[in-house]
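Hello,

Here is the structure you asked for. My notes follow below it.

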Amino acid sequence: MEALKVWSLSARPFSRLFRSSSPFSSGKRLYSAFVVHCSTTTSGAGSTTRNRRSSSSASNTSDREAIRAIRLKKVEELRNKGLEPYAYKWEKTHTAIQLQDIYRNLGNGEESNGEDDHVSIAGRIVARRAFGKLAFLTLRDDSGTIQLYCEKERLLNDQFEQLKTLVDIGDILGACGSMKRTEKGELSVVVDSFAILTKSLLPLPDKYHGLTDVDKRYRQRYVDMIANPEVADVFRKRAKIVSEIRKTVESLGFVEVETPVLQGAAGGAEARPFVTYHNSLGRDLYLRIATELHLKRMLVGGFEKVYEIGRIFRNEGISTRHNPEFTTIEMYEAYSDYESMMDMAEEIVTQCALAVQGKLTIDYQGVDICLERPWRRETMHNLVKEATGIDFSELKNDLEVAKDVVVRTLESELDSKDKFAIEACPSLGRLLNEVFEIVVEPKLLQPTFVLDYPIEISPLAKPHRRHAGLTERFELFICGRELANAFSELTDPMDQRTRLEEQVRQHNQKRTEAVLGADCSEEEGNKNEDYSYEVTLDDDFLTALEYGMPPASGMGLGIDRLVMLLTNSASIRDVIAFPVLKIQQ
């Protein structure tokens, strides 16, 4: 019978699949599982293994299709026996981890088969061994793994033969039986009946051609999670982090609200939006690039503490830190300033760290990060002076002199792209920010609040109450990455209108230059590509401000980057279950 195969089993762990590509493999032990190779004869198993090591992708596809054809025949055979290979439901009594806990004191060789010890469990088969009239299967559910101990004498009718011939690795099984710990100490369900709940048609990756391609891991995340349980653990931790954020802010009186994803004007940030068209309304709409302006409308309407956890969409580049859709929490508190949001950021991050790590000193990519409060708070001016020796407060308003000082001082640290960016700065405030981003930002490994940003790059922030040309704004950096951005919010409607109109004017001027593209260098052309989209003024937001918004502070915090930090993930794609990828060729 074609379906009857002899299984060649490798005892090497599944973790080998990801050793070269997964950020989770470093310093962590991955779940060990047997890898199955099909062969029509016992002697051919080794040959099949050797052939797999050197086979081409075309051969892999051929093998995969051959296995699929065999499994489709097994589906047909099950139905011919009156068995449905795609069940409607299964009554579970326990999870794997519950059984491991309940029977943790069961001694080696002991069996517990009282009336209360009859259990029912379900999950995916990830390993199997067969020895004559005895078979061992490893079943994995959402909580962990447990062994199925299958004896021919205990199974009714021809179920043992069905187990040997019709059950494959990857199938989802339901099993009933009593509990036993084997002589070797493995807790097991002694199976007296089982059912195939879902027949898997495609084989799980083997250790030679598995998900060694990082792109394929992201593209077929479902297989990635089956083959590597640690990947699924990241998303469980992500869920815990989001839950902890909600719990923290709501304990302080914040109310969760929902604001539009489709907006008539993309505001609240400077970023290229995704544009769509509404047929019934006959108009363009934009996927939101921030939740800020609608949340501020809620403050105008009378709410004093609001927040939203939601997806943000920006039609920009993809990198290890950037995905076109990402998740943030934005929150706004009336009658407070940006000092309050520093305390809030510390509270959120430390509570999340304790929830998923149980401690406040964590490892991120080989660097020890201390999250103990309070965190460092320093102005952008002082950090730049500390790192470069340049005191921007002494440069007055002479932009050309300032550029010359910067280029001469940092000559050895600047590449051609950096020099072009510095020369392109239209104001002293933008030059200060450019130097900060080039020199200081990558070095901010420990949690640091960077305070008092230039007004030119902070159109929604309140002017600093003591320092002209600056705003009451901070950004939080950890591991050289921005994690949060916050202001004392601008509430003066006339000042806000002037700043936003100037922002639109500058953008449209650069857009015109980009379209004309006259005598642009290659670098300049690339720079101007960012301005090829249209920016419009959100007049309704300005109207809302004219009704009066109370003094307030607000903050946006990147949840994806927080999850990266707390799960030691190198790429944002590792913490987004289904990231945006290039079209597969």
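Start with helix H7, residues 229–251. Its 23 residues should span 33 Å at 1.5 Å a residue, and its end C-alpha atoms are 33 Å apart, so the two agree. The expected span is 1.5 Å times one less than the number of residues. Helices here are DSSP runs (H or I, at least four residues) and strands are E runs of at least two, numbered from the N terminus. After H7 comes Gly253, with a positive phi near 95°.

A word on the basis. This is a predicted model: local features need pLDDT of at least 70, side-chain atom pairs count only at pLDDT 80 or more, and totals for chains, interfaces and linings use all residues. Residues are numbered from 1 along each chain as its sequence is written, and side-chain values use heavy atoms, leaving out hydrogens and water.

Now Asp560. It sits in helix H17, residues 559–567. Asp560 counts as buried because its relative accessibility is 3%; buried means under 20% relative accessible area, with a 1.4 Å probe and protein chains only. Its side chain makes a polar contact of 2.9 Å with that of Arg238. Such a contact is a pair of N or O atoms within 3.5 Å; within protein, one must be able to donate a hydrogen and the other to accept it, and residues adjacent in sequence count only if both atoms are side-chain atoms. Beyond four places in sequence, Asp560 is in contact (heavy atoms within 4.5 Å) with residues including Arg238, Phe326 and Ile572.

The whole chain has 17 helices and 21 strands. Of its 585 residues, 49% are buried.

Best wishes

Key: Buried means under 20% relative accessible area, exposed over 50%, partly exposed in between (1.4 Å probe, protein chains only).
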